[in-house]
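Please consider the following structure, beginning with a single residue and then widening the view to the whole chain.

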Amino acid sequence: MSRSPLSIKTVCISLILFSFIIVLGCTSTSPESEGKNPVTSGSQTTTSPAPTPTFQSVGDIQLAGNVYGISSDPNKGIDTITFSIGLPAHASPVSLTTVEIVFSTPESAPVNLTRGTRDSTSFFTTTAGGYAVDELHSDEEVDISFRVKPVSGNTNVNIEVRPRDRAVLIISRTVPAVITSLNVL
């Protein structure tokens, strides 16, 4: 007795879909059990509490990827910081000309940076695809770059991206102990 290729494919796809349903049913939690801790017996183990996630509202600026510290002289520290920001889908555009960035370390006073086109410790640049941009649209990413006075290894850095009409995006990182020309913070 021979079977048609169509019926074999149908059976295989049905088995795959059925296994997905079983796996999802076994790994999901019921709505009644959400927020409740399971009852356990025996010895209790103490664990550190998980960090509380911070949620941004739907239209707020978000970090898109890593934060990099660039060093022109690794012996002195990092002297340029670059990262990308984005907006979620359907968010209204943000004018980058009104955004302010505040950079600080525990050893230095906060530095206010405004958007500009010059490479200095007073301005930050905004680019997309290598071209300067003035506005951030939903589902797009914009690269931000700015120079800082050299920051040595093992130093905490704080970056606040402050748009005029949105929530502040706070980025806290630590410069690695061993600095190279390109460092992920």
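Is Ser-84 buried or exposed? In this predicted model, Ser-84 has a relative accessible area of 11%. Because this value lies under 20%, Ser-84 counts as buried.

The surroundings of Ser-84 can be described next. Ser-84 belongs to strand E2, which spans residues 78-86. Leaving aside residues up to four places away in sequence, Ser-84 touches Gln-62, Leu-63 and Ala-64, and also Glu-141, Val-142 and Asp-143. With Asp-143 there is a polar contact between the two side chains, at 2.5 Å.

Attention may now turn to the largest pocket. The volume of this pocket is about 240 Å³. Strands E4 (100-105), E5 (108-115) and E9 (141-151) are the elements that each give two or more residues to its lining. E9 gives the most, with five residues. In total, 15 residues line the pocket, and Phe-103, Ser-108, Val-111, Val-148 and Lys-149 lie nearest its centre.

The protein chain as a whole contains one helix and twelve strands. Of the 185 residues in the chain, 28% are buried. Among contacts between residues at least 6 apart in sequence, 59% join residues at least 24 apart. The accessible surface of the chain comes to about 12500 Å², and carbon and sulfur atoms account for 57% of this area.

How values were computed
Residues numbered from 1 in each chain as written. Predicted model: local features only at pLDDT ≥ 70, side-chain atom pairs only at ≥ 80, totals over all residues. Heavy atoms only, no water. Helix = DSSP H or I, 4+ residues; strand = E, 2+ residues; numbered from the N terminus. Buried < 20%, exposed > 50% of the residue type's maximum accessible area, 1.4 Å probe, protein only. Polar contact = N/O pair within 3.5 Å; in protein donor to acceptor, adjacent residues only side chain to side chain. Contact = heavy atoms within 4.5 Å. 1 Å grid on protein atoms, 1.4 Å probe; cavity = no way out; pocket = protein on both sides within 12 Å on 5 of 7 lines; lining within 4 Å. Points joined across faces, edges and corners; volume = space filled by probe spheres on them. Areas by Shrake-Rupley, 256 points an atom, 1.4 Å probe, with all protein chains shown as cover.
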